[in-house]
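Dear colleague,

I am passing on the structure below, and I would be glad if you could look through it alongside my notes. They follow directly after it.

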Amino acid sequence: MKKLQIELANFPQSTILDIGTGYGSFIEILTKNFNDYREIIGIDTSQTAIDAAKNHFKDYERIKFIKSDAFTMHFENETFDIITLSNSLHHLHNLPTLFDQMRRVLKKDGIVIVNEMLSDPLTLPQISHRLIHHFAAEIDREKGIIHDETFTESDILNLLNKTCFKIKDHWPINNESEDLSVSFDTSWVHGTLDQMLKRIQNSAQIEYYTNQANLIKNHVSQHGFSSATQMLFILQPK
Ligand SMILES: C[S@@+](CC[C@H](N)C(=O)[O-])C[C@H]1O[C@@H](n2cnc3c(N)ncnc32)[C@H](O)[C@@H]1O
C-alpha cells in the first residue's frame, strides 16, 4: 500500500469524505495507511449500514457517519481534501452528476480516490468472488435495487473519463500481495448463497436462482475462493 500512503501523506490534517461507506471497510484501509487526518465522514443511504459502521468505529472520535444520499449531500462547497468511493461505482447510475456533486464539495487542490473490484482478469478462485457478487447483484436488481455487475479496468476508465475529473494515476491491488484480502471457507460461501436465495424465495424465478447458486457452489468447491483484484484510481478536478 506504499503508493496509497504516499498520496495520503500529501494531505496532513485533512478532512475526508467516504461516499457509499457501507460498514466503513474503506475507512479501515484509509486509517491503516494514514493517521494524520482531522476528520473522516462516511455517508450512505442505508441506515443499517450507518448503524453498523457507527458501532464498528465507536472508539474513533475523528470518524463520523451520516445517513445521506451522495446526489443530494448538504455539505458546504469545498469542504473536503479527499473524497473516496469504494466498490460503489457499480451501485450508482448517473455518474457525471454524482462527480459534479463530489467536485462541488471537494477543495480545489483535493483528490478523489476510487477503489473498485475488477470483473476481469481474475484467477479461478477470484472468479468465485465475481460469481457470488454477480449473483447478489442480480437478486438486488430483481428487488429493484441498483446493483450492476462489476467492471473491467477499461470500463472504469471510460466511465471516469466522462466525469469532471482527470485520472492522475491508477494501480491494481492484488490480494496475494496487499492487505485487502479476505479469506472465506467453503461453508461460509454456501451459507451466504443460501441466505441470498432466502431473499427471493417467493420469486417466480426461484428454480433458476437455485440452479445458479448450485453452479456457483460447485465452482467454489472445485477452485476455492479469493478476493477479486481491486483497482485504485487517483482523480483530480479537470
Ligand atoms: C458495496 S457497498 C460499498 C461499501 C464500502 N465502501 C466498501 O468498499 O466495501 C455500496 C454502498 O453504496 C451505498 N449507496 C448506494 N447508493 C448510494 C447513494 N446514492 N448515496 C450514498 N450511498 C449509496 C449502498 O447503500 C452500499 O452501502
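**Strands, ligand shell and confidence**

Ile19 stands opposite Leu85 in strand E4, where helices (H or I, at least four residues) and strands (E, at least two) are DSSP runs numbered from the N terminus. This is a predicted model, in which local features need a pLDDT of at least 70 and side-chain atom pairs count only at pLDDT 80 or more, while totals for chains, interfaces and linings use all residues. Residues are numbered from 1 along each chain as its sequence is written.

Strand E1 (residues 14-19) and E4 pair in the parallel sense over four bridges, pairing being assigned if DSSP finds at least two bridges between two strands. On its other pairing, E4 is joined by six bridges to strand E5 (residues 106-117), again in a parallel run, and here Thr84 stands opposite Ile113 in E5.

E4 (residues 80-86) is largely enclosed by the rest of the structure, because seven of its seven residues are buried; a residue is buried if 20 or more other C-beta atoms, placed from the backbone, lie within 10 Å of its own, exposed if 12 or fewer, and partly exposed in between.

E1 also pairs in the parallel sense with E2, over six bridges, and the bridge partner of Ser14 in E2 is Tyr37. The chain crosses from E1 through H2 to E2, and this β-α-β crossover is right-handed.

As for the ligand, helix H2 (25-33) and strand E2 (37-44) each supply at least two residues of the shell around it. Of the 19 residues in that shell, Gly20, Gly22, Ala70, Ser86 and Asn87 come nearest, a residue being near if its C-beta atom, placed from the backbone, lies within 6 Å of the molecule or strand. By class, the shell has seven nonpolar, ten polar and two charged residues, with Ala, Val, Leu, Ile, Met, Phe, Trp, Tyr, Cys and Pro counted as nonpolar, Asp, Glu, Lys and Arg as charged, and the others, Gly among them, as polar.

On confidence, the chain averages a pLDDT of 94, and 95% of the residues score at least 70, pLDDT being the predictor's confidence in each residue, from 0 to 100.

With regards

How values were computed:
Right-handed = clockwise from strand over helix to strand, strands pointing away.
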